[in-house]
Each structure stands twice: as C-alpha cells, then as structure tokens.
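Please read its points beside the sequence and the structure shown here.

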Amino acid sequence: MKRGILISLSIIASISAIILVSYEISAKEDMQSLKFIRGDINIDGQINIRDVDYLLSFFYHYHDNLVCEDAADMDDDGIVNINDAIILLDYLYIGNIKELPPPNSKDQIDLTEDNLKC
Ligand SMILES: [Ca+2]
Ligand SMILES: [Ca+2]
C-alpha cells in the first residue's frame with residue numbers, strides 16, 4: 001500500500017515536472033540572511049504545487065540552483081533529494097504529513113545546523 005502511494009506520488013511528481021512552466025526567480029543579494037518558510041521553495045510566500053514543480057525542475061536541470069536549499073529540505077535532514085518532493089506532495093495532497101519542520105513562518109528560525117544555503 002505504502003509503495004503504491006509512493007509510486008503514485010512519483011507519477012504525480014513526474015507529470016508536474018512535464019507541465020512545468022518557467023518561473024521568474026528574483027535573485028537575492030544576501031542569501032545567507034534570507035528568512036525562509038519550509039516548503040516555500042520558490043520563495044513566493046505560498047506553499048503549493050508550484051514549489052513541487054520548482055524542486056523537480058531543479059532535479060531535472062531546468063534551472064541551476066535553488067533560491068533557498070533549506071526551504072526545499074522537507075524532512076530537515078540536511079539533504080535535498082527526491083524524497084523531499086514526495087514529502088511535500090504528501091503534505092499538500094495526501095495528508096499523512098500534517099506539519100513540516102520549522103520554520104513554518106517568517107518569525108520562526110531553522111533550529112537545525114546543516115550545510116544547506118539560505
Ligand atoms: Ca512557494
Ligand atoms: Ca531532505
């Protein structure tokens with residue numbers, strides 16, 4: 001059952017990548033001081049399918065970097081990989097994951113040390 005859900009999420013993720021339209025990303029002059037909300041990968045102030053698309057487009061090399069790597073680390077393990085896209089899809093559409101690790105708003109901070117840029 002769980003494998004079926006993961007396969008379904010992978011298919012959704014792949015379809016999302018295929019229908020991806022280009023996004024304009026404004027450059028941040030000081031990436032180290034950027035406050036972020038986990039899951040808001042394209043830094044537009046919302047967490048939605050566009051963030052999944054943005055992350056998948058990074059994996060498929062449609063753009064060279066993430067505006068904020070920490071925002072894309074859904075499980076806060078210090079690594080950004082396809083599992084983070086699956087976690088975000090689950091959070092948004094399946095509901096097994098009820099909450100993402102902080103920061104969940106601009107007034108919270110990331111409590112975990114890692115080598116991700118943001
Ligand atoms: Ca967003
Ligand atoms: Ca991760």
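1. In helix H4, the residues Asp-84, Ala-85, Ile-86, Leu-88 and Leu-89 are buried, where buried means that 20 or more other C-beta atoms, placed from the backbone, lie within 10 Å of the residue's own. Of the 118 residues of the chain, 31% count as buried.

2. The model is predicted: local features need pLDDT of at least 70 and side-chain atom pairs pLDDT 80 or more, whereas totals for chains, interfaces and linings use all residues. Residues are numbered from 1 along each chain as its sequence is written, with chains lettered from A and ligands numbered from 1 in the order in which they are written.

3. The chain holds four helices and zero strands, taken as DSSP runs (helices H or I, at least four residues; strands E, at least two) numbered from the N terminus.

4. H4 covers residues 82-94; at 1.5 Å a residue its 13 residues should span 18 Å, and the 17 Å between its end C-alpha atoms agrees with this. The expected span is 1.5 Å times one less than the number of residues. Gly-95, which follows H4, has a positive phi near 95 degrees.

5. Helix H2 (residues 49-59) packs on H4 at about 165 degrees, with the axes 10 Å apart; axes are lines fitted to C-alpha atoms over the stretch in contact, and angles run from 0 to 180 degrees between N-to-C directions. H2 and H4 are therefore roughly antiparallel, the term for angles over 145 degrees.

Methods: A residue is buried if 20 or more other C-beta atoms lie within 10 Å of its own, exposed if 12 or fewer, and partly exposed in between; C-beta atoms are placed from the backbone. Angles under 35 degrees count as roughly parallel, over 145 as roughly antiparallel, 65 to 115 as roughly perpendicular and the rest as oblique.
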